[in-house]
Amino acid sequence: MNPAEHPSPPEPAPGPGVAPAETPGPLDPARMRASDADRDRVADRLREALAEGRITPDEHAERIDAVYQARTYADLEPVLHDLPGSTDGLLPPSAAPRVSLRKDENLPSPDRHSPSVVAVFGAAERKGRWLVEPALNVSCVFAGVELDFRRAVLSQREVTVNVTCVFGGVEITVPPGVRVVSSVAAVLGGVDLPAGEEVAADAPVIRLTGMVLFGGVSVTRREPGSSRADRRRERMERRHAAHELHRRHHDERREHLRELREQRRDRRHGLS
């Protein structure tokens, strides 16, 4: 049989109401879904802004709530709209820049230091704009250490400062809105924490651990950029507090030695 005598049946026509498939257009980058990593990066930027004094603790708490409720990059953009350098860097490289975690060009990047601060018969300090590692070890023997966190950048929401202090002192300055928690064990010494300020539940945390022997840890809460007169007054107050602490330790040591002499004397009388 000749195939030409029996042609193939024609293709069926599309049914009514069926439109040919269309290729979807490109998605607006700002409407792309944000990831958990994106939200965490924005939250880190807000913590830096709080530590720098750019936003208040109440504003920080409000914006953090908005960050973790955000679904798209467009939802994240208003959170950072009034912070320096907040217009690019968060969206994928192929997208138009909209949200950024990059700091102001005029603001230097934080200085990186060793995760350990050691002072023996001397002094050491960390101040200015420096990066705080997740764990910072502080050791001082017959010495003093000063840590100023007012312009520091925390590497994560909670950092730990482990203190080992023998016959010395550690002075710590923190900005408002930062929670300081201490579990330092003090033997013939003490830990002085600021009181009276309530901070947000999600505020940055500086956790103090370690041991103090014949020494002390003093934490002061102070606004960044205080005046010279304020700093002079605070230095005088710190010197007075250090003098009182030294006098108290001296009295405690003298009392301890007196008790030891009495115990030795009682033992000699018991043997005679």
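**Close-up 1. Four phenylalanines, F121, F142, F167 and F214, form one aromatic cluster in this predicted model.** The structure holds four aromatic pairs. In one of them, F121 and F142 are stacked, with 5.1 Å from centre to centre and 5 degrees between the planes. Because F121 lies in the loop between strand 1 and strand 2 (123-126) while F142 lies in the loop between strand 4 and strand 5, this pair ties together parts that are 21 residues apart in sequence. F121 counts as exposed, at 63% relative accessibility, whereas F142, at 43%, counts as partly exposed.

**Close-up 2. F142 also pairs with F167.** The ring centres of F142 and F167 are 4.9 Å apart and their planes stand at 5 degrees, so this pair, too, is stacked. At 30% relative accessibility, F167 counts as partly exposed.

**Close-up 3. The largest nonpolar core has 28 residues.** Within this core, V138, V145, F149, V161, I172 and L208 touch the most other members. Two or more residues each are given by strand 1 (116-120), strand 4 (135-141), strand 5 (144-148), strand 7 (158-166), strand 8 (169-174), strand 12 (205-213) and strand 13 (216-221), and the largest share, four residues, comes from strand 7. Leaving aside neighbours within four places in sequence, I172 is in contact with L147, F149, L208, V217, S218, V219 and T220. Apart from this core lies another, of 15 residues, which includes L46, I55, L76 and V79.

**Close-up 4. H60 is found in helix 2 (residues 57-69).** With a relative accessibility of 1%, H60 counts as buried, since the cut-off for that class is under 20%. When residues up to four places away in sequence are not counted, H60 touches L46, R47, L50, I55 and D202; of these, L46 and I55 are among the members of the core of 15 residues.

**Close-up 5. The structure holds one cavity of 30 Å³ or more.** The volume of the largest cavity is about 40 Å³, and its lining is made up of A51, F149, A152, L154, P175, V178, P204 and I206. These lining residues divide into eight nonpolar, no polar and no charged. F149, one of the lining residues, is also one of the residues that touch the most other members of the largest nonpolar core.

Definitions and conventions: Residues numbered from 1 in each chain as written. Predicted model: local features only at pLDDT ≥ 70, side-chain atom pairs only at ≥ 80, totals over all residues. Heavy atoms only, no water. 1 Å grid on protein atoms, 1.4 Å probe; cavity = no way out; pocket = protein on both sides within 12 Å on 5 of 7 lines; lining within 4 Å. Points joined across faces, edges and corners; volume = space filled by probe spheres on them. Nonpolar A, V, L, I, M, F, W, Y, C, P; charged D, E, K, R; others polar. Buried < 20%, exposed > 50% of the residue type's maximum accessible area, 1.4 Å probe, protein only. Contact = heavy atoms within 4.5 Å. Core = buried A, V, L, I, M, F, W, Y, C linked by side-chain atoms within 4.5 Å. Phe/Tyr/Trp six-rings, centres within 6.5 Å; stacked < 30°, edge-to-face > 60°.
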